[in-house]
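Dear colleague,

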Amino acid sequence: MPERTIDFGKYRASGVKGHELVARQLDSHVTYLTTPLTTERGLLARLHYLTRTDHARHAARAAGLSVTDATLNAWLKGGRRPLTKNLTAIEDAYRTVRRHNVARYLLARLNREGRGTRVEIHPLNQSLVPRPLQRTLEHRTLNIRHWDRIIDAWAAANDRALDDAWIEKIVDLGSQWGQYEYCTSIGFAA
């Protein structure tokens, strides 16, 4: 059984860690606000999302938006404009709260009552690796039935836990799972 890759890219192979691609794919299934945060409309939409209920305010504070209620109200009324660091905190809190709010729906769609979801894994790019050192890697598919750990780690933005959860799933590829730790793309529908 192979271990995790320690010296990736030594022979000029390229790719991205699988768990990062899974996080990107999960993010693509979440409808985030597309209006830029720098516009008044985008800022107000995010602030309304983060302040519409007491539960949303508490979640925003837990996600790192640590400003007073008076400051939030001034931003909402247009009396003041947030500083750059606060704009970053607003965006981070919005994405964190949004991930948390949609995680259970994504989990239900991906688990599909135990049937799971088919995942396509495209291996790393070896185009720059010298010919004698290249491996034969093919496109693989895998049906993941239990997404609980992956979704929990993604919703919490915990990279280490997401990596561990992803590796636990690709071990099902058999003895070649280490060849798919780094990939060019991972795709699935939710």
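How many cavities of 30 Å³ or more does the count come to? The count comes to 1 cavity, and the largest cavity has a volume of about 40 Å³. On a 1 Å grid over the protein atoms alone, a cavity is a set of points where a 1.4 Å probe fits but cannot get out; a pocket is an open set with protein on both sides within 12 Å along at least five of seven lines; and lining residues have an atom within 4 Å of a point. Grid points are joined across faces, edges and corners, and a volume is the space filled by probe spheres set on the points.

This is a predicted model, in which local features need pLDDT of at least 70 and side-chain atom pairs count only at pLDDT 80 or more, while totals for chains, interfaces and linings use all residues. Residues are numbered from 1 along each chain as its sequence is written, and side-chain values use heavy atoms, with hydrogens and water left out.

The largest cavity is lined by L50, T51, R57, A60, R61, L65, V67 and L72. Helix 2 (40–51) and helix 3 (54–62) each supply at least two residues of this lining, and helix 3 gives the most, with 3 residues. By class, the lining has 5 nonpolar, 1 polar and 2 charged residues (Ala, Val, Leu, Ile, Met, Phe, Trp, Tyr, Cys and Pro count as nonpolar, Asp, Glu, Lys and Arg as charged, and the others, Gly among them, as polar).

The largest pocket has a volume of about 350 Å³. Its lining comprises 16 residues, of which F8, G9, Y11, A13 and R135 are the closest to its centre. The lining of the largest pocket divides into 8 nonpolar, 5 polar and 3 charged residues.

As to the fold, the protein has 7 helices and 4 strands (DSSP runs numbered from the N terminus, helices being H or I of at least four residues and strands E of at least two). From the N terminus on, the order of elements is β-α-α-α-α-α-β-β-α-α-β.

Two helix pairs deserve mention. The axes of helix 1 (residues 18–28) and helix 6 (residues 148–155) come within 11 Å and cross at roughly 80 degrees (axes are lines fitted to C-alpha atoms, for helices over the stretch in contact, and angles run from 0 to 180 degrees between N-to-C directions). The two helices are therefore roughly perpendicular to each other (65 to 115 degrees). V22, A23, L26 and D27 in helix 1 meet I150, I151 and W154 in helix 6, contact meaning heavy atoms within 4.5 Å.

The axes of helix 1 and helix 7 (residues 159–170) come within 8 Å and cross at roughly 105 degrees, which makes this pair roughly perpendicular as well. Here G18, H19, V22 and A23 of helix 1 make the contact with D159, L162, D163 and W166 of helix 7.

Key:
Angles under 35 degrees count as roughly parallel, over 145 as roughly antiparallel, 65 to 115 as roughly perpendicular and the rest as oblique.
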